[in-house]
Every structure is written in C-alpha cells, then in structure tokens.
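This report describes one protein model, beginning with a single residue and its surroundings.

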Amino acid sequence: MLRPRVLAEMLAQGNTAGVDNTLLLNREGNLLAATGTEATNQRVVSAIVSTVWSLSTQNVSSLDSDPLNCVLLDCENGRVGVVSVAAGGGSGLLLCMYARKEVPLGLLRAKLNLLRAHLHGPLSKIANSA
C-alpha cells in the first residue's frame, strides 16, 4: 500500500530545476495528490488538464494512430506536461507538472517520464482496485 506521505515525497522529487508543481489526478480532474508552490491554483489546473487530456485522447484516437503518450503545453506564463500513469482498463491516473517558461520542454517530458516509471507499479494497484 502506498502511503500518502510517501506519495507526496515522491511527487516532490519532480519539483526541481524550474518545475513548480507536480499533481496526481484522476481522469475526471479530481486532485489526488499535489506538491508545489501554488496551492490555490492546483484544483483549477487539475480540472483543465483532465479536459485537455480527454479532448486530446479523443482526437488522437480518431486518427487511428498510436495511443496518446504525453501532452506538452507552452502557455503564456509557463509550461505544462501531462502523462498517463497506471492506465488500467481505460481508467487510470494523470501525472501533471507545470513549470516556468524557461524550462525546456524536453526536460519537462524527461522528468514526467522518470516519475511515471517510478510511480507505475504502486499506482497500478490503486488504479486497478478502484
């Protein structure tokens, strides 16, 4: 069983080198865990991220291409990256990081992929039991 304190510590490992927040949410946009500096915006960001992920997934699946792996957004005030974690049977969780504008998109994607690999095992058990 993954303890909330350990999960928060694992998410906090991503908050370096310009990454300000790391969020774990379900596909409906419900915030499950978060670490970072802007606590007031985390629920709003999680709702927006889940909508963007859902629409992007629908568009990619209509193209008969490979499943969506990562969404990177270059916004006016920063950058956002989202990856799917522990996708079991169409459900699953989303891992989101948002960073300052100067953070390279490649670095953001690499951090997301490393944290996703680290979280995949423990979160797969949670996603499949829910």
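Thr35 lies in strand 2, which covers residues 31-36. The model is a predicted one, and in it Thr35 is buried, with a relative accessible area of 11%. The side chain of Thr35 makes a polar contact with the side chain of Asn15, at 2.9 Å. Asn15 is also among the residues that Thr35 touches when those up to four places away in sequence are not counted.

The cysteines come next. How many disulfides does a search of the whole structure find? The search finds zero. Cys96 is buried, with a relative accessible area of 0%. Cys70 is buried as well, at 17%.

The table lists the relative accessible areas given above.

| Residue | Relative accessible area |
|---|---|
| Thr35 | 11% |
| Cys70 | 17% |
| Cys96 | 0% |

Confidence can be given for the chain and for its elements. The chain averages a pLDDT of 82, and 82% of the residues score at least 70. Confidence is highest in strand 4 (residues 79-85), at a mean of 92. The lowest value belongs to helix 3 (residues 105-129), with a mean of 81.

Key: Residues are numbered from 1 along each chain as its sequence is written. This is a predicted model: local features need pLDDT of at least 70, side-chain atom pairs count only at pLDDT 80 or more; totals for chains, interfaces and linings use all residues. Side-chain values use heavy atoms; hydrogens and water are left out. pLDDT is the predictor's confidence in each residue, from 0 to 100. Helices (H or I, at least four residues) and strands (E, at least two) are DSSP runs, numbered from the N terminus. A disulfide is a pair of cysteine sulfur atoms within 2.5 Å. Buried means under 20% relative accessible area, exposed over 50%, partly exposed in between (1.4 Å probe, protein chains only). A polar contact is a pair of N or O atoms within 3.5 Å; within protein, one must be able to donate a hydrogen and the other to accept it, and residues adjacent in sequence count only if both atoms are side-chain atoms. Contact means heavy atoms within 4.5 Å.
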